[in-house]
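Welcome! Here is a short briefing to read alongside the structure.

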Amino acid sequence: RAVASLTRHGVSVLGSRILAVKGRTSGAWRTTPVNVLRLEGRRYLVSARGEGQWVRNLRVAGTGELRVGKHTEAFRARELSDEEKVPVLRAYLKRWKFEVGVFFDGVGPDSSDAEIQAIAGRHPAFDVLPVH
């Protein structure tokens, strides 16, 4: 809650953003705090808690906004395949295991590719791409 409050007021903590996505049935903006992972020049959103509402909404909308205070960045999303997720999940756990590790069934940044692959299907991840 403290991170979400700071992010809403313009202070990003370890890459935190407020994700805004239009609801798939209401069309109203829905917001949730997220961690944006930067890896090899790209950015990713990972759902530590699995198939939550923001994941379902982003799949339908295909676009969203990342907000920090008054700064808003529109983006489009591409969902990663389970095979693509392995290095992304490893980097995500390396950065935020202290915060989200409980949701990854004992898998951590030092787990084998096979162990990470085994849980990849339970953790949707998206490429954050520019809107053209």
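## A first look

Valine 100 is found in helix 3; helices (H or I, at least four residues) and strands (E, at least two) are DSSP runs, numbered from the N terminus. This is a predicted model, where local features need pLDDT of at least 70 and side-chain atom pairs count only at pLDDT 80 or more, while totals for chains, interfaces and linings use all residues. Residues are numbered from 1 along each chain as its sequence is written, and side-chain values use heavy atoms, with hydrogens and water left out.

**Valine 100**

- Valine 100 is buried, with a relative accessible area of 4%; buried means under 20% relative accessible area, exposed over 50%, and partly exposed in between (1.4 Å probe, protein chains only).
- Not counting residues up to four places away in sequence, valine 100 touches Ala48 and Tyr92, where contact means heavy atoms within 4.5 Å.
- Along the chain, valine 100 and alanine 48 are 52 residues apart, yet their C-alpha atoms are separated by 6.3 Å.

**Helix 3**

- Helix 3 (residues 82-100) has 19 residues, but its end C-alpha atoms are only 19 Å apart, short of the 27 Å that a straight helix would reach; the expected span is 1.5 Å times one less than the number of residues.
- A kink of about 60° in helix 3 is centred on lysine 94, the bend at a residue being the angle between axes fitted to the seven residues ending there and the seven starting there.
- The buried residues of helix 3 pack against strand 2 (29-39), strand 3 (42-46), helix 4 (113-120) and strand 6 (125-129).

**The nonpolar core**

- In the largest nonpolar core, which has 19 residues, Leu37, Val46, Val88, Leu89, Tyr92, Val100 and Phe104 touch the most other members; such a core is a set of buried Ala, Val, Leu, Ile, Met, Phe, Trp, Tyr and Cys residues joined through side-chain atoms within 4.5 Å.
- Strand 3, helix 3 and helix 4 are the elements that give two or more residues to this core.
- Helix 3 provides the largest share of this core, 8 residues.

**The barrel**

- The 6 strands close into a barrel in the order 1-2-3-6-5-4, with antiparallel pairing; two strands pair if DSSP finds at least two bridges between them.
- Strand 2 and strand 3 run antiparallel and are joined by 4 bridges.
- Valine 36 stands opposite leucine 45 in strand 3.
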